Amino acid sequence: MADTTFTPRVFSGIKPSGGLTLGNYLGAIKRWVAMQEEGTESIYCVVDLHAITVWQDPAELRTATHEVAAGMLASGIDPSRSILFNQSQVPEHAELAWIFNCVARVGWMNRMTQFKEKAGSNAEKVSLGLYAYPSLMAADILLYHATHVPVGEDQKQHVELTRDIAAKFNHDYKVDFFPMTEPVIEGPGMRVMNLRDGSKKMSKSGESDMERINMLDDADTIAKKFKKARTDPAPLPESPDGLKDRPEAKNLVDIYASLSGGTQESVIAEYAGAGWGQFKPALADLAVEKLAPISDEMRRLMADPAEIDRLLGVGRDRAREIAAPVLERTYEIVGLVRS
Ligand code: TYM
């Protein structure tokens, strides 16, 4: 079975390592919905095995898994058109990751900036899973022969590593079995920054809640967080060039652009010369207009976790139909005896 042509297929995932943020929505979910609407076969995963590479309280992990799944559903992922499931229910992910652990090189892992950032000066004490994480991510993607992976900017290096793993596997075993997956990183919301420090990305696990917008924040909280967001004293510039070296200003313009489906140019065309006292409330209103229907629906879905579990189970069955034969063929290629 030499698969030289791969049909377009999208895979992407989010870790349930805390609540969903605006970064997850703009960098990932919003575009996943668009890809589903374009009709591309799409597989979206709550990557719980990735979450446990750092300590997760079991009860909080369950809640976060439901919240991430609810966020995907509430944003418009339709489980009858896309496949939606949680990773640990499809054991083929962990099995293929082992094969890839034997393909990937230690030197490749040592170059992963996200590992270096997360491990910091504590690299001896973090879990082995955190180190091997990119190999599991490659397995997530390649188990479905996914051709496109919509992610935020921070995941680009991991998708490039996925290509390196696919290429080395194909080369070593003289097959053309795994595709060269493309990261899809387009538009203004690909790197949403921390509202208190424009040099850091907005993340689920930052120290202060004021630095991020959570998908479950209410309207008052969203308005307060944007109002207190750090900015410089200058007004909005006359052209996008004027955002250079103004990370906080650029971030708020990018968030507005992404939420409105526009660009930096379109936002500047409307707000050139405006002060923050005018722009921040407009941004808060836009964010509430776009996010409130999603958070209302998330709360409704989360009130019935059994229904979320049922939907994840349907997705698991459909995912395994694709994953099991790919893993089986991988084992054959590698020379592992099947009885
Ligand atoms: P995670 O859970 O950190 O983030 C999920 C998605 O949200 C994007 N994202 C952002 N985009 C813009 N600005 C931000 N501040 C921001 N924060 C997060 C991420 O880029 C990502 O697209 N390793 C992945 C999960 C994963 C995965 C996969 C993704 C596991 N296997 C296979 C794609 C394909 C992660 O930790 O994402």
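This is a predicted model: local features need pLDDT of at least 70, side-chain atom pairs count only at pLDDT 80 or more; totals for chains, interfaces and linings use all residues.
View 1. The ligand is surrounded by 27 residues, each with a heavy atom within 4 Å of it. Lys 15, Tyr 133, Asp 140, Asp 154 and Val 192 are the closest. Strand E1 (9-14), helix H1 (22-37) and helix H7 (128-142) each give the shell at least two residues. Helices (H or I, at least four residues) and strands (E, at least two) are DSSP runs, numbered from the N terminus.

Residues are numbered from 1 along each chain as its sequence is written. Local features need pLDDT of at least 70, side-chain atom pairs count only at pLDDT 80 or more, totals for chains, interfaces and linings use all residues, and side-chain values use heavy atoms, without hydrogens and water.

View 2. Ligand oxygen atoms lie 2.5 Å from a side-chain N or O atom of Asp 154, 2.6 Å from one of Tyr 133 and 2.8 Å from one of Lys 204. The protein covers 98% of the 700 Å² of accessible area (Shrake-Rupley method, 1.4 Å probe) that the ligand has on its own.

**View 3. The largest cavity.** A cavity is a set of points on a 1 Å grid over the protein atoms alone, where a 1.4 Å probe fits but cannot get out; lining residues have an atom within 4 Å of a point. This one has a volume of about 50 Å³, the space filled by probe spheres set on the joined points. Its lining is Gln 114, Phe 115, Lys 118, Leu 130, Tyr 133, Pro 134 and His 158.

Notes. A polar contact is a pair of N or O atoms within 3.5 Å; within protein, one must be able to donate a hydrogen and the other to accept it, and residues adjacent in sequence count only if both atoms are side-chain atoms. On a 1 Å grid over the protein atoms alone, a cavity is a set of points where a 1.4 Å probe fits but cannot get out, and a pocket is an open set with protein on both sides within 12 Å along at least five of seven lines; lining residues have an atom within 4 Å of a point.
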